[in-house]
Structures are given as structure tokens and as C-alpha cells.
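Please walk through this model from its strands to its cores. Keep the sequence and the structure side by side.

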Amino acid sequence: MSAIKLKQLAVSHPQGYHLRQVVEDVSLTVEQGECFGLVGPSGCGKSSLLWVMAGLNPHWSGDMELAGTHVQPGTSFTGSLRREVQMVFQDPYASLHPRHRLRRTLSEPLKRLSIDNIDDRIATGFTQVGLDTALIDRYPHQLSGGQRQRVAIVRALLLQPKILLLDEPTSALDMSVQAEILNLLNQLKVQQQLTMVLVSHDPDVVDHMCDRSATMQAGRIIQLSEKAALDIS
């Protein structure tokens, strides 16, 4: 069963009073439970494509289906799709409020959905990613980069998504912490039967994580690969 279906997708960014097209004619399918990689040089359009799948950029055209829901261009995600598709950003500060303790940041989306046992869910999430629950009441700046990225993963998984989008989730971390985070994501993928799309400029990371991958260049997919590191130079 396909978790993601994209057909002839084009993506644009506002530039002044105009739109500049950055992705053109992308068609791909990601199966349920698969980790699919998007690899390519900076500016090739891979993150732009991911942000559309996260509902963060309405300027696109084509056909898109996520977790069985057909998405219309120019519309915001509604209903179950808002929790079924979650994203982990390159910089965890993008999803962690610097002036709020972690408990408050992680609790807010659960409160809006009237979910019970919020404190227990957060504590369980911390344990799952190998974090001491004593950190729950700290501020983001009191954690290391690797700890913050683990908290960002907890934030994304608390809503029990079907699709997890990963935008360069380890590029700002040192090599040993990178390996820890990537292995953690692999474990969570199996445990929670997640479908993942991983964006990276590093083909070795994609080869380690992904079942299949696509190389992008100048806004287009130029090659599809089965479990192989790709030359993007």
C-alpha cells in the first residue's frame, strides 16, 4: 500500500510579486513502512519538495496523496492529516520554543487535540529516545544539540504520525551523535511502522537509512536507486 503518491508535482517560492519555480514534474510513490531518500546538492529542490509534503508551502501544482488523503493545491492540511504527517527539521529550534520549557512545548498540540495522560506520554517519549525524563522541565538551550534533536523527534512522534518527514536531521551534529540519531530513527521506524522521507546532501546517510532513494538536480529527479549511495557531484 502506498503512503505517499506524487504525480507531476511542481513547487514554487514567492519572490517579490512573483513565484519562482524550484521543482518541476516530480512523480514518485513511497510505500507504507518504507524509508525513501531524497539526495542532491544544495538548492536542487529536495527540501522544497519535503516542505510541500509537510503542508508548509501552498505554492504547488500536480497531484498529491498522503496517508490515503488527496491534498488540494493551495489548501492547508485539515483533520487527521494534521497529525498523520509530521516533520523533523534540521535545526531543532524550529520546533522548540526557546523561551518555553520542553514540557509546555510538547504538551500544547496534545492539549489542542484533547489527548489524555499528556505527562505520561511525554515521559514515555523521552524514554523511547534515550533521554532522562528529568530533562522535560528544562529549556532547549540547556540541552546539547543531540539532546535537542531527540526532543524534536519526540515532538513529532507524540501525535502518532503515519508519515515522518526528515529534513537533514543530523547535518548539524558531530559524527558520533549523527550515528546515534540515525540508528534511533531506524529503530523507531520498525517499532512504529513509520513511513519516512529523508532529505540529505550526504548519499552515505541516505544509503544507510533508506530502502530506495532519488537523486535530484535542478528541481528534477534524475535517478532512482535501490539501496545505493549516489554520486551527486
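**Cysteines, strands and cores**

Cys210 is buried, at a relative accessible area of 1%. Buried here means under 20% relative accessible area, exposed over 50%, and partly exposed in between (1.4 Å probe, protein chains only). This is a predicted model, in which local features need pLDDT of at least 70, side-chain atom pairs count only at pLDDT 80 or more, and totals for chains, interfaces and linings use all residues. Residues are numbered from 1 along each chain as its sequence is written, and side-chain values use heavy atoms, with hydrogens and water left out.

Cys210 is in no disulfide. A disulfide is a pair of cysteine sulfur atoms within 2.5 Å, and the nearest cysteine sulfur to that of Cys210 belongs to Cys35, 3.5 Å away. Cys44 is buried too, at 3% relative accessibility. Its sulfur lies 14 Å from the closest cysteine sulfur, in Cys210, which is too far for a bond. The disulfide count is zero.

Helices (H or I, at least four residues) and strands (E, at least two) are DSSP runs, numbered from the N terminus. Five of the five residues of β3 are buried. Cys35, Gly37 and Val39 point one way, Phe36 and Leu38 the other. In a regular strand the side chains alternate between the two faces of the sheet.

Strands pair if DSSP finds at least two bridges between them. β3 pairs with β8 in the parallel sense over five bridges, and Gly37 has Leu198 as its bridge partner there. β3 also runs parallel to β9 (residues 212-217), joined by four bridges. Val39 stands opposite Thr215 in that strand.

Next, the cores. A nonpolar core is a set of buried Ala, Val, Leu, Ile, Met, Phe, Trp, Tyr and Cys residues joined through side-chain atoms within 4.5 Å. The largest has 40 residues, and Phe126, Val151, Ile153, Leu164 and Leu185 have the most contacts inside it. Elements that each supply at least two of its residues include β3 (35-39), α5 (145-157) and β8 (195-200). Apart from this core lies another, of 34 residues, including Val22 and Leu50.

Leu50 is also one of the buried residues of α1. Six of the eight residues of α1 (residues 46-53) are buried, so the helix is largely enclosed by the rest of the structure. Gly55 follows α1, with a positive phi near 80°.
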